Amino acid sequence: MFEDIETAKTHSFASDNYSGAHPEVLEALVAANVRQQIAYGEDAYTTRLQERLSAEFGVAAEVYPVFNGTGANVVGLQTLVPRWGSVICAQTAHVNVDEGGAPEKMAGLKLLAIPTEDGKLTPELIDTEAYGWGDEHRAQPSAVTITQSSEVGTLYTAAEVRAIAEHVHSLGMSLHMDGSRVANAAAALNVPLREFTSDAGVDVLSFGGTKNGLVLGEAVVVLNPEASKGSKFIRKTSMQLASKMRFVSAQFLALLEDELWLRSAAHANAMASRMRTALDAAIANGQAEGLRFMHPTQVNSLFAQLPKAVTEQLRTKHRFYDWDEAAGVVRWVCSFDTQESDVDLFVEDLIAAFK
């Protein structure tokens, strides 16, 4: 049917969104496509997803499947923040720089963005914007959002999340976690999801699926129902309520089966580690003079500074994104379907671009 549609000739390291769906996820979609199920979340698949994630995060957890990551963040934050509230985030946060102003336009949320060196917030950094309660001239700080793993590929430990949660809660605010790559974080930290989410004091989690092998779909997981209000109504008014929700939920069930989510994320992390190891060796032996990594490679993404000529040469064979074009910083991302041979070819082409 689609024989005339051109596919990429080489594996891309631009984004884990470039990858297709995991075969086991596609099998789950086919299996769910049998006869009828009640619409709008009353189906058996969504019920089972609720049961599975309650077992993962705790009995209080409430699960609301949505279409995409921006939707998950906007819905999740709205449940925590009143109309007069604001949200504290890192300056590099996806909600701040990569969601087209959706939190402001769709939810009316003022974002208070804080510069960070490593993409991570701390209680001390949060305090630079956590003030002004009762002042009608200032949007009232009501929630903090952190990203796990961060936009620059760094990780919060469970202890760091707990410290932030305790501090945020002591100030009367709530804590949201953008977990578009939360699976990569869990794989890298080698701890259960709940250790750095529900057990650490996170109130609402945006649980990512698309970057880890789903066709589409994320989930808003309310971990603390006392802090989060009106989720099912906000999901509807935010245009994130799927009528045939079973097809989103069935994909998540496939991810959770036999820990596919963890295996896929661990593989993506391992491919990034392979690339970093090879390129560190190239730097050490003089094959890549001018290549410098900006952050530790902890999950499936790498951030590197390259000479402009090298970047241009490498782009003749591989697609990837600028992170800071003025500084010559680029980002490379590995996926569940990245193979060792893909990494090795990329490294080979990058070294050749330095010659």
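Visitor: Which residues make the nonpolar surface patch of about 310 Å²?

Guide: A patch gathers residues with over 30% relative accessible area and no salt bridge, where nonpolar side chains (Val, Leu, Ile, Met, Phe, Trp, Tyr) are joined within 5 Å and like charges within 9 Å. Here the patch consists of Leu26, Phe67, Val215 and Leu216. This is a predicted model, in which local features need pLDDT of at least 70 and side-chain atom pairs pLDDT 80 or more, while totals for chains, interfaces and linings use all residues. Residues are numbered from 1 along each chain as its sequence is written, and side-chain values use heavy atoms, with hydrogens and water left out.

Visitor: Where is valine 215 found, and what does its relative accessibility make it count as?

Guide: Buried means under 20% relative accessible area, exposed over 50%, and partly exposed in between (Shrake-Rupley method, 1.4 Å probe, protein chains only). Valine 215 is in the loop between β6 (204–207) and β7 (218–222), and it counts as partly exposed at 44%.

Visitor: Which residues form the negative surface patch?

Guide: Asp and Glu count as negative, Lys and Arg as positive, and His and the chain ends are not counted; each charge is placed at NZ of Lys, CZ of Arg, CG of Asp or CD of Glu. The negative patch is formed by Glu24, Glu27, Asp258 and Glu259. Of these, glutamate 24 sits in helix α1 (residues 23–32) and is partly exposed, with 33% relative accessibility.

Visitor: How many residues of helix α3 are buried?

Guide: Helices (H or I, at least four residues) and strands (E, at least two) are DSSP runs, numbered from the N terminus. Helix α3 spans residues 69–78, and eight of its 10 residues are buried. The buried set is Gly71, Ala72, Asn73, Val74, Val75, Gly76, Leu77 and Gln78. At its N-terminal end, α3 is capped by asparagine 68, which places a side-chain oxygen 2.7 Å from the backbone nitrogen of glycine 71.

Visitor: How many salt bridges does the structure hold?

Guide: Side chains of opposite charge can pair when their charged atoms come close. The structure holds 10 salt bridges. In one of them, arginine 138 pairs with glutamate 129 at 2.9 Å between the closest N and O atoms, and both residues are buried.

Visitor: Where do arginine 274 and aspartate 344 lie?

Guide: These two side chains meet in a salt bridge of 3.0 Å, N to O. Arginine 274 belongs to helix α11 (residues 260–284) and aspartate 344 to helix α13 (residues 340–353), so the pair ties together parts 70 residues apart in sequence. Arginine 274 is partly exposed at 31%, and aspartate 344 is partly exposed at 36%.

How values were computed
Salt bridge = Lys/Arg side-chain N within 4 Å of Asp/Glu carboxyl O. Polar contact = N/O pair within 3.5 Å; in protein donor to acceptor, adjacent residues only side chain to side chain.
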